[in-house]
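Let's walk through this model together, one question at a time. Have the sequence and the structure open beside you as you read.

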Amino acid sequence: MFLAFILVHATTRLGVGQNTMLLLIVLGALFWIATTLWAAWRSDAVGRRPVYLAGSI
């Protein structure tokens with residue numbers, strides 16, 4: 001729902017192109033997936049607590 005709001009707000013109020021916003025949303029989702037997988041890998045290697053604390057900072 002938040003991503004839909006951002007897409008509509010940026011295209012109607014801020015004047016950003018729809019294709020540009022869709023590209024940014026897709027890139028953000030890919031980054032999110034990559035960092036989640038990396039954090040899971042690090043969590044297996046060093047434990048959950050240090051990874052969780054690093055993510056909180």
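Q: Is Leu-22 buried, partly exposed or exposed?
A: This is a predicted model, in which local features need pLDDT of at least 70, side-chain atom pairs count only at pLDDT 80 or more, and totals for chains, interfaces and linings use all residues. Residues are numbered from 1 along each chain as its sequence is written, and side-chain values use heavy atoms, with hydrogens and water left out. Buried means under 20% relative accessible area, exposed over 50%, and partly exposed in between (1.4 Å probe, protein chains only). Leu-22 has 38% relative accessibility, so Leu-22 counts as partly exposed.

Q: How far apart in space are Leu-22 and Ala-4, C-alpha to C-alpha?
A: Leu-22 lies in helix H2. In sequence, Leu-22 and Ala-4 are 18 residues apart. Their C-alpha to C-alpha distance in space is 9.9 Å.

Q: Which secondary structure elements does the chain have, and in what order do they run?
A: Helices (H or I, at least four residues) and strands (E, at least two) are DSSP runs, numbered from the N terminus. The chain comes to 3 helices and 0 strands. From the N terminus on, the order is therefore α-α-α.

Q: Why does Trp-32 count as exposed?
A: Trp-32 is part of helix H2, which covers residues 18-46. Trp-32 counts as exposed because its relative accessible area is 60%.

Q: What is the area of the nonpolar surface patch that includes Leu-37?
A: Leu-37 is found in helix H2 and counts as exposed, at 58% relative accessibility. Accessible areas come from the Shrake-Rupley method with a 1.4 Å probe, and for residues only the protein chains shown count as cover. Together with Leu-23, Leu-24, Val-26, Leu-27, Leu-30 and Ile-33, Leu-37 makes a patch of about 690 Å².

Q: What radius of gyration does the chain have?
A: Along its principal axes, the C-alpha trace spans about 45 × 15 × 15 Å. The radius of gyration is taken over C-alpha atoms, and the globule rule is 2.2 Å times the number of residues to the power 0.38. A compact globule of 57 residues would be near 10 Å, but the chain has 16 Å.

Methods
Patches are made of residues with over 30% relative accessible area and no salt bridge: like charges are joined within 9 Å, nonpolar side chains (Val, Leu, Ile, Met, Phe, Trp, Tyr) within 5 Å. A salt bridge is a side-chain nitrogen of Lys or Arg within 4 Å of a carboxyl oxygen of Asp or Glu.
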